[in-house]
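Reader: Hi, I have a new model open and want to go through it with you. Can we start?

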Amino acid sequence: MKKIGIFYGTTTGNTAEVASEIAKALNVKNEDVKDVAKTTPSAVGDYDVLILGTSTWGAGDMQGDMAEFMDGLEMVDLRGKDVAFFGLGDEQMTETFCNAVGEMYHKLRNTGANFIGKYDVDGLEFKHSDAMVGDLAVGLLVDNVNHPEITSRRINQWCELISKEI
């Protein structure tokens with residue numbers, strides 16, 4: 001079985017909560033769930049599967065700690081690793097909803113990583129997101145502000161999907 005590491009950046013704690021829910025759904029141990037403010041990009045070397053999460057801030061930017069982490073991670077050779085993304089946003093930011101997820105994806109495109117976990121956006125309404133590739137997002141998009149009632153269902157379905165992909 002492949003070893004999964006979950007790496008997230010959080011400011012308000014919401015991304016940490018979603019990371020914890022994902023860990024439960026995938027049976028990932030607490031010590032394999034990492035706040036990027038307290039770890040370095042080299043820590044990904046211990047894992048076969050990386051699940052990376054961030055919230056979107058301002059004009060569609062990554063959470064600060066995750067932005068710094070990603071600057072280092074984009075220099076790492078990720079060949080042989082499966083990478084999945086998740087992100088939180090507020091769909092009232094209709095032109096930049098969960099853009100940070102797309103930013104993470106684009107930063108890692110030249111690392112050799114195998115991207116998994118593309119997912120639908122059913123139940124969410126927005127005009128644009130850099131996280132979209134065709135009809136699917138490059139990962140799990142969550143809006144706990146406007147749609148907390150669908151978050152757990154979306155997390156569980158996404159985790160079932162990526163479990164089949166790894």
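Reader: Is Arg 154 buried or exposed?

Author: Arg 154 is buried, with a relative accessible area of 2%. Buried means under 20% relative accessible area, exposed over 50%, and partly exposed in between, with a 1.4 Å probe and protein chains only.

Reader: What should I know about the model itself?

Author: This is a predicted model: local features need pLDDT of at least 70, side-chain atom pairs count only at pLDDT 80 or more, and totals for chains, interfaces and linings use all residues. Residues are numbered from 1 along each chain as its sequence is written, and side-chain values use heavy atoms, with hydrogens and water left out.

Reader: Back to Arg 154. Which side chain does it meet in a salt bridge?

Author: That of Asp 120, at 3.3 Å, N to O. Arg 154 is in helix α4 (residues 151-165) and Asp 120 in the loop between β6 and β7 (132-133), so the pair ties together parts 34 residues apart in sequence. Helices (H or I, at least four residues) and strands (E, at least two) are DSSP runs, numbered from the N terminus. A salt bridge is a side-chain nitrogen of Lys or Arg within 4 Å of a carboxyl oxygen of Asp or Glu.

Reader: And how exposed is Asp 120?

Author: Asp 120 is partly exposed, at 24% relative accessible area.

Reader: How many salt bridges does the structure hold?

Author: Five. One of them joins the side chains of Lys 2 and Asp 82, at 2.9 Å, N to O. Lys 2 lies in the segment before β1 (4-8) and Asp 82 in strand β5 (residues 82-88), so this pair ties together parts 80 residues apart in sequence.

Reader: Which of those two is buried?

Author: Asp 82 is buried, at 5%. Lys 2 is partly exposed, at 38%.

Reader: Which residues are linked in a network of salt bridges?

Author: Asp 71, Glu 74 and Lys 107. The closest N and O atoms of Lys 107 and Asp 71 are 2.9 Å apart.

Reader: New topic. Where is Ala 113?

Author: Ala 113 is in the loop between α3 (99-107) and β6 (114-115). Ala 113 is buried, at 14%.

Reader: What does Ala 113 touch?

Author: Leu 78, Arg 79, Lys 81 and Val 83, not counting residues up to four places away in sequence. Contact means heavy atoms within 4.5 Å. Ala 113 and Leu 78 are 35 residues apart in sequence but 4.8 Å apart in space, C-alpha to C-alpha.
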